[in-house]
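Here are some notes for a first look at this structure. Keep the 3D view open while you go through the points.

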Amino acid sequence: MKSPAIEVHDLTVAYRAKPVLWDIDFSIPEGEMVGIVGPNGAGKSTLMKAILGLVPISSGWVQIRGEPISKDRSSTLGYVPQRESVDWDFPVTVLDVVLMGTYGRLGWFRRPRKAEREWAQDCLEGLGISDLASRQISELSGGQQQRVFLARALAQDSEIYLMDEPFAGVDAATEEAIVALLKKLRARGRTVMVIHHDLQTVENYFDRVLLINLRLVAAGPTREVFTRENLLFTYGGRLTVLDEAAEAVRLAHGNAGNLKRHPDAGS
Amino acid sequence: MIDLFFESLFSEVNFSILLVAACASMACALVGTFLVLRRLSLLGDAISHGVLPGLVIGFIVSGSRDLPPMLIGAAVAALLVTIASDWLRDHGMIDGNAAMGVVFTTLFALGIVLMESHARSVDLDPGCVLYGQIELAPLDMVSLPFLETRVPRSLLPIAVVLIIDLLVVLAVWKELKICSFDPALARSLGINVRLVHLLLMLLVSMTTVACFESVGSVLVVAMLVVPAATAQLLCNRLAPMVIVAMAAGCVIAVVGVLGADHLDTSVPGMMAAAGGGLFAFTVVLSPSHGLISRFYRRTRLSLRIASEDVLMEMWNAREKDGEESRVRGRWRIAAIWTLWLRGWLTSPRRSAQPTERGTRLARALEKRRQLWKRFLKRQLLTPEDHLYDPAHRIEHHLDSELSERISRELDQEEGDSSS
Amino acid sequence: MPGLDYNTLVVLVGTVALGIAAGVTGSLALLRRRSLLADALAHATLPGVCLAYLWTGERSLPVLLCGALLSGLLGVVIVSWLPRVTRIRTDAAIGLVLGVFFGIGIALSGHIQRTVTDASQAGLDSLLLGRTAGMLFNDTVAIGVASLAVIGVVFFLRKEFLISCFDPGFGEVEGWPVLALDLLQLFLLAVTVVLALPAVGVVLTAAMLVIPAVSARLWVDRFGILMILAAIIGGATGGLGTLLSARFESLPAGPVIVLVSSSLFIISLLCAPRRGVIARALRSRSRTLNRETRRLLALLLEAKSRGKNTVPHSHLLGRERSVRRRSLDSAIARGWVQLDGDGISLTEGGHQRALRGRRALQLWHAYLEDAASIDRDLVDLDEEQIEKILPAEKVLELERLLSSRTEGGDG
């Protein structure tokens, strides 16, 4: 039997003793488009970072295509971070950023050559911004920045893509371009996992949803899982008890560095 | 005997040095607290280096070592540092830290070049700017009109600045507090945030300039940050933080002066070293934020969880056997001893039984565990096989208030669904 | 070259090599917003120097610099450790390490001064403010080799440094050891600082690292080119400063080097093509001018449609009409507007231009209404940009929409 693209078992992630995700358990078959939906602070980004191996896991495990996450995950995992996570005044051009997607394949010391440049240019073409290639990134609009990030992910040519809010704050045209790209990726059999905020479009965009609020509320095909009842559970106020319990754990463990931001608060 | 000891400690020479040192570090600690809270700690570094050309120009223009012209020059240079680095950051597209770095190093270099090129007419050397001349304090005493005792001349500007700092901080306390905490809120409340910022910068400049003639620019940097950072580890509110910072400044001054006397070395250097020591001490020992207290709290918590787990296992063991223990090794032994010492177990052995009180506690814990399981199952539709683990972890943290809320919500829920 | 003796040549080579290395590592530090960490690092070297001296009892530069490197690295470690385990923030941690380490260094050197009566003690003092002129042939060779090593590492790892500076999270997903690369970068910074110490001294070392990088950043927008330009600026200012101080003997080289590079910084700040203050002021002026000119044309067009071909000055110029004299002049210069005695009227070209502007604006508003959400950064556009952005089929569609709407409005 083919192993699932992503399998997460009993995953708990704690930030400074405060649990931000409890016992998440799901698996995603290959070639599906998955939306992660939940209110602010529900741990969506943390879940994505845990899958990528960017935050330490307190308990449970994550497997990518039947294997634990390894150091060298460049060929399997593609990542689109939140737009705000980088300094957009950094001295690089659009093409430089997209070329970063090829660095993993290149390995140490080797420089991107003509083939990589052409490939990066193709990726820009795929998002309809090939004319921006030599622009400095500070000259881009918000929607263009997001397209550059997606072009970089495309340049990684991964099997599985994880995207942290690619639709946040983009214009209608960019949203259309991104959706078209996602559909193209799915047609090629790639797995795509997207953190999404707009509940209106969930049913149109995704085959499968994960509803998350500190715990996994529901996971499965969109038609079955994306129901009013589940959404109420996800967004309803009843979870405050869970949040308070998490807070109690944090307080009991001492709260040094309490001025530091929560990793999920975005940075 | 003790009197004699103190007398030798604080000879007249030492006492005047100590007086200058203490006043200087208190003034720095006072304004430094606001710098640290507003994440502007490095401004002290920038200002104390950047005032050099102002001093030198003041000296060249007046042709004497009189304080007023030098202080005016230095104050102008200090304001220039703040305004120029703010301007570069806001209008020059340059990272704030880098902007400060550019401005103060340039001014410092300018100061040194001026000093060297007027070497014949300027009786200043870079060393005295870096470490100050506090050792000379007892050699230049003046008598004040209303006081019996004579005080060092270099104390006068420091004392004046300390008093001004205190008065201004008290006068605009409310505004400083809200601007340090939340500038956006302050603006919405109609407070002129920019004016408050400039006022603070003015105080910092004045304090820096007044102090570093005695203690040098190095110590000014240290004294602006160290007492405030120490206080930050000890207090959670602004007013205590300011007081603790000033007290820490005093302690640092005393230890520094005595240490310098003892080791025969420079007073400002020794004070900075004492500051480092005090801070390291606080990092380790602070009751609320120290490393030891955090370690202690964590260990105590783990021990409590372990002993509660063991107690429940022992209590449950009467009913069912064969389940593997969750607590093993040294933790288990420690937990069993703890339980026995508290009187919840009959003996400190593996085969011990819960006492009367131990049974009561175990029952209460079991109730909470069941409550939490029920909550998770009903509210979150968690599958049965996932239930044990989280319930196990959370039950130790449910206080009675939270348990009651959960139980109320559950009851309501069940009432809803049955009706 | 006249007046360039052997000693000056030795110093010149040393300062140029130093400037190049400092430019390269300084750019990396600038991009990671670590400019003042370099300053703290420089100050934190002092106790190491003193302890190395006390321990070995001799003034051998390599030994002292090893001590400097170790205590500088300890300082950096504390700066990165404190904010993680306590509530102290990074800026306070930098200030704390800077002040306390330097204070300890001063206390130690005071102790040395009073206990060790030895002429060679001057060596410690010269580290405070630097003594470029004291550079010997061996020092220059050492600086040259170390600079080459630093530059070599950065050259071969430029791709890796780029990704770890720009987007560490992405780099980690790609499998790069981001933390190790970051530590390597800090180590290179520390090596550069230690090399610069004997030449320019503790306080001005930060300047050698920061100023060339900041100046270069004003001119260029590419990672690699930034480092090359910063290296060139660093090397050139190092050389120029040395020559100047050799020419005027009373001036110490360290501060002169810093002043030379600050002058270059001020020039860059003013004159850089895109980020320079002058260029930006001019751009903002011309934007305002364009906007006002558009507004002037629109006002005249409106008047014309009401049958007033010529509009008196006083109706157009002035605060409430938001058209200034110079916008009028620019419109006249472009031949869009002419003066008729006391009044102003549109020329034929101006009329066409005004019509085009109005149509573009209408299209744009229709587009904004049509599309649910729009890229917020694209709001202030002139007609040419609007025409470029809107695709042709969209324009046709919108025009249909517009005409139907005006008909509906009329009927």
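1. One term before anything else: a residue counts as buried when its relative accessible area is under 20%, as exposed when it is over 50%, and as partly exposed in between. Bear in mind too that this is a predicted model.

2. Try the cut-off on Phe34(B). Its relative accessible area is 0%, so Phe34(B) is buried. Trp173(B) comes out at 23%, so that residue is partly exposed.

3. Those two residues belong together. Phe34(B) and Trp173(B) make an edge-to-face aromatic pair, with 6.3 Å from centre to centre and 80 degrees between the planes. The pair ties together distant parts of the chain: Phe34(B) sits in helix α2 (residues 12-37) of chain B and Trp173(B) in helix α9 (residues 173-181) of chain B, 139 residues apart.

4. How many aromatic pairs does a search of the whole structure find over all chains? It turns up 10. Another one to look at is Tyr205(A) with Phe206(A): the ring centres are 6.1 Å apart and the planes stand at 80 degrees, so this pair is edge-to-face. Tyr205(A) and Phe206(A) are both buried.

5. Now for the nonpolar cores. The largest one has 249 residues, and the members touching the most others are Phe90(A), Val98(A), Ile137(A), Met163(A), Phe279(B), Phe223(C) and Phe265(C). Helix α9 (residues 178-219) of chain C is the top contributor to this core, giving 26 residues. Apart from it there is another core of 32 residues, including Leu11(A), Val13(A), Val55(A) and Ile64(A).

6. Leaving aside residues up to four places away in sequence, Phe223(C) touches Phe90(A), Pro91(A) and Val92(A) in chain A, and its partners in chain C include Leu28(C), Leu31(C), Arg158(C) and Phe161(C).

7. Two charged residues lie over rings. Arg158(C), one of the residues that Phe223(C) touches, lies over the face of Phe155(C), 4.4 Å from the ring centre. Lys159(C) lies over the face of Tyr103(A), at 5.5 Å from the ring centre.

8. Last, chain A overall. What is it built from? Chain A has 9 helices and 10 strands, and 58% of its 267 residues count as buried. Of the contacts in chain A between residues at least 6 apart in sequence, 70% join residues at least 24 apart. Chain A exposes about 10500 Å², with carbon and sulfur atoms supplying 48% of it.

Conventions. Residues numbered from 1 in each chain as written. Chains lettered and ligands numbered in written order. Predicted model: local features only at pLDDT ≥ 70, side-chain atom pairs only at ≥ 80, totals over all residues. Heavy atoms only, no water. Core = buried A, V, L, I, M, F, W, Y, C linked by side-chain atoms within 4.5 Å. Buried < 20%, exposed > 50% of the residue type's maximum accessible area, 1.4 Å probe, protein only. Helix = DSSP H or I, 4+ residues; strand = E, 2+ residues; numbered from the N terminus. Contact = heavy atoms within 4.5 Å. Phe/Tyr/Trp six-rings, centres within 6.5 Å; stacked < 30°, edge-to-face > 60°. Lys NZ or Arg CZ within 6 Å of the ring centre and 35° of its normal. Areas by Shrake-Rupley, 256 points an atom, 1.4 Å probe, with all protein chains shown as cover.
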